[in-house]
Amino acid sequence: MTDCIFCKIANHEIPSSIVYEDDVVIAFLDLSQVTKGHTLLVPKRHVADIFEYDEELAKEVFSRVPKIARAIERSSDDILGLNILNNNRSIAYQSVFHSHIHFLPRYEDSDSDGFGLKWKTHEGKYSQEELAKVVASIKESLEE
């Protein structure tokens, strides 16, 4: 893809703050710095989202996640935790359509103006019969 910003970064066509690189992935600081040290892990091969990964690429990319996470954690004694996020398609807040994994170091409860995760439970909203249908549908899709 010729106009993909992450392809350009992976090809060293534009500057970036690279923290890790090998033949499969590149990791660099996100320009937005939602929290200090906000890093992106990007496959060098252009894939739009998780739905375009084959098994080999998934193994290669996701096997690097612990290495990057540990390096970020060790980079500052102030880091208390880490969010790892992978957004897929615009409905899930993907804004650059080259797959990437966000690493967001956390320093304190209020460390980021404008960042947060909200998990609202819907326990009890769906009947056991409805959930059984969801399970069956997912299992059937795994066999395809």
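Ala, Val, Leu, Ile, Met, Phe, Trp, Tyr, Cys and Pro count as nonpolar here, Asp, Glu, Lys and Arg as charged, and the others, Gly among them, as polar. Keep that sorting at hand for these exercises, which explore a predicted model.

**Exercise 1. Describe the second largest pocket: its volume, its lining and the classes of its residues.**

Step 1. Start with the space itself: the volume is about 160 Å³.

Step 2. Find the elements behind the lining. Strand E1 (18-21) and helix H3 (65-74) each supply at least two residues, and the largest share, 3 residues, comes from H3.

Step 3. Sort the lining by class: 9 residues are nonpolar, 4 are polar and 1 is charged.

**Exercise 2. Is Lys 44 buried, partly exposed or exposed? Work out its surroundings too.**

Step 1. Locate the residue: Lys 44 sits in the loop between strand E3 (39-43) and helix H2 (55-62).

Step 2. Read off its relative accessible area, which is 25%. Buried means under 20% and exposed means over 50%, so Lys 44 is partly exposed.

Step 3. Look for partners beyond four places in sequence. The contacts of Lys 44 include Ala 10, Glu 21, Asp 22, Val 25 and His 98. Val 25 is 19 residues away in sequence, yet the C-alpha atoms of Lys 44 and Val 25 are 5.1 Å apart in space.

Step 4. Check the polar atoms. A polar atom of the Lys 44 side chain lies 2.7 Å from the backbone oxygen of Asp 22.

**Exercise 3. Is Arg 64 buried or exposed, and which side chain does it join in a polar contact of 2.9 Å?**

Step 1. Arg 64 is found in the loop between H2 and H3.

Step 2. Its relative accessibility is 15%. Because the cut-off for buried is under 20%, Arg 64 counts as buried.

Step 3. The polar contact of 2.9 Å links the side chain of Arg 64 to that of Asp 22.

Step 4. Arg 64 also touches Tyr 20, Asp 23, Val 24, Val 25 and Leu 41, among others, leaving out residues up to four places away in sequence.

**Exercise 4. Which residues have the most contacts inside the largest nonpolar core, and which element gives the most to it?**

Step 1. This core has 17 residues, and those with the most contacts inside it are Val 25, Leu 41, Leu 57, Val 61, Ile 68, Ile 101 and Phe 103.

Step 2. E2, H2, H3 and E5 each supply at least two of the core residues. H3 gives the most, with 4 residues.

Step 3. Zoom in on Phe 103. Setting aside neighbours within four places in sequence, its contacts include Leu 41, Val 65, Ile 68, Ala 69, Ile 72, Leu 82 and Ile 84.

Step 4. Finish with the second, separate core of 9 residues, which includes Phe 6, Cys 7, Ile 26 and Val 42.

Terms used
Residues are numbered from 1 along each chain as its sequence is written. This is a predicted model: local features need pLDDT of at least 70, side-chain atom pairs count only at pLDDT 80 or more; totals for chains, interfaces and linings use all residues. Side-chain values use heavy atoms; hydrogens and water are left out. On a 1 Å grid over the protein atoms alone, a cavity is a set of points where a 1.4 Å probe fits but cannot get out, and a pocket is an open set with protein on both sides within 12 Å along at least five of seven lines; lining residues have an atom within 4 Å of a point. Grid points are joined across faces, edges and corners, and a volume is the space filled by probe spheres set on the points. Buried means under 20% relative accessible area, exposed over 50%, partly exposed in between (1.4 Å probe, protein chains only). Contact means heavy atoms within 4.5 Å. A polar contact is a pair of N or O atoms within 3.5 Å; within protein, one must be able to donate a hydrogen and the other to accept it, and residues adjacent in sequence count only if both atoms are side-chain atoms. A nonpolar core is a set of buried Ala, Val, Leu, Ile, Met, Phe, Trp, Tyr and Cys residues joined through side-chain atoms within 4.5 Å.
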